[in-house]
Amino acid sequence: MIDIGVNLTSSQFNDVSTVLSNAQENNVKKIIVTGTSAQESKNAISLCQDFEKMFPNMLHSTVGIHPHEASSFSDSSLKELKNLTKHKCVVAIGETGLDYYRNFSSKEIQVKSFSKHIELAIDIGLPLFLHERDAFDDQIKILKSFGQDLPKSVIHCFTGSQNNLAEYLDLGMYIGITGWICDKKRGENLRAIVNQIPIDKLMMETDSPYLLPQNMPKRPKKRINEPAFLDYVASQIALNRHESLDEIKFATTENATAFFNLAKE
Ligand SMILES: [Zn+2]
């Protein structure tokens, strides 16, 4: 399996090599580390480099500025991101998008940062790793404004409505599903519509250390989520789509391999 969204630079992971061997033991062969700011993107790349010897080809990363961090966006941070894409472990631009749930950064700067990230992805020919919360209308408007130029994109940690899903799919987007789907209350809507995602558009992620899957029979003491727990997300998806676990694992691995242009093994 491939975990397409891991916040591996988080200080909650104090022993990354154990996290990676746990992942391997649980059949998670590749991980895309999420870049959330210029600095965190740099840190993500360093992790890829540091663990390349011990875990060859396992770590890849995105570079981008999360909408919460959009106030740190500037021409110079954009330049920095562009420079970082020269590293061969970088496989996507993001996470980027709009988050009006908390508005940690103003809407204006979020929109500017988002548009510039899309332009960067077009410029260097990388796919987009997108985030959106409570900002669907503006997000889809911006995405549509790029028309045919829009690079292939994945909406990571999708938690929206049935209509949102249909419109994203209309634009050809891939959909990333996290342990949100395992959450008794919050995941109800997602469980009802997950079968509407064509299997060739589906990807899986833990978004760890966040979103510990609630369907784990025994939760870890510190409640820190890990890529090793991706299986619980896969099981829930399989259950609600009425497909076999093997089918889900196979398809999502194929999709992520092609989308991020990863080496096949
Ligand atoms: Zn996100």
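Helix α5, which spans residues 136–145, has as its buried residues Phe136, Gln139, Ile140, Ile142 and Leu143; buried means under 20% relative accessible area, exposed over 50% and partly exposed in between, with a 1.4 Å probe and protein chains only. Viewed down the axis of α5, these buried residues lie within an arc of 160°, so they line one face of the helix; the arc is that of the directions from the helix axis to the C-beta atoms. The face turned away from this buried side carries the exposed residues Asp137, Lys141 and Ser145. Helices (H or I, at least four residues) and strands (E, at least two) are DSSP runs, numbered from the N terminus. The model is predicted: local features need pLDDT of at least 70, side-chain atom pairs count only at pLDDT 80 or more, and totals for chains, interfaces and linings use all residues. Residues are numbered from 1 along each chain as its sequence is written, and side-chain values use heavy atoms, with hydrogens and water left out.

The buried residues of α5 pack against β4 (90–99), α4 (107–124), β5 (128–133), β6 and α6, where contact means heavy atoms within 4.5 Å. Just after α5, glycine 147 adopts a positive phi of about 50°.

Two of these partners lead on to strand β7. Strand β6 (residues 153–155) pairs with β7 in the parallel sense over two bridges; strands pair if DSSP finds at least two bridges between them. Isoleucine 155 has isoleucine 175 as its bridge partner in β7. From β6 the chain crosses through helix α6 (residues 162–170) to β7, and this β-α-β crossover is right-handed, that is, with the strands pointing away from the viewer, the path from the first strand over the helix to the second runs clockwise.

In a regular strand the side chains alternate between the two faces of the sheet. In β7 (residues 174–177), Tyr174 and Gly176 point one way and Ile175 and Ile177 the other, and all are buried. Strand β7 also runs parallel to strand β8 (residues 202–204), to which three bridges join it. The partner of isoleucine 175 in β8 is leucine 202. Together, β7, helix α7 (residues 188–193) and β8 make a right-handed β-α-β unit.

The cysteines remain to be considered. The whole structure contains zero disulfides, a disulfide being a pair of cysteine sulfur atoms within 2.5 Å. The closest cysteine sulfur to that of cysteine 48 is in cysteine 89, 3.7 Å away and too far for a bond. Cysteine 182 is in no disulfide either, as the nearest cysteine sulfur, that of cysteine 157, is 11 Å away.
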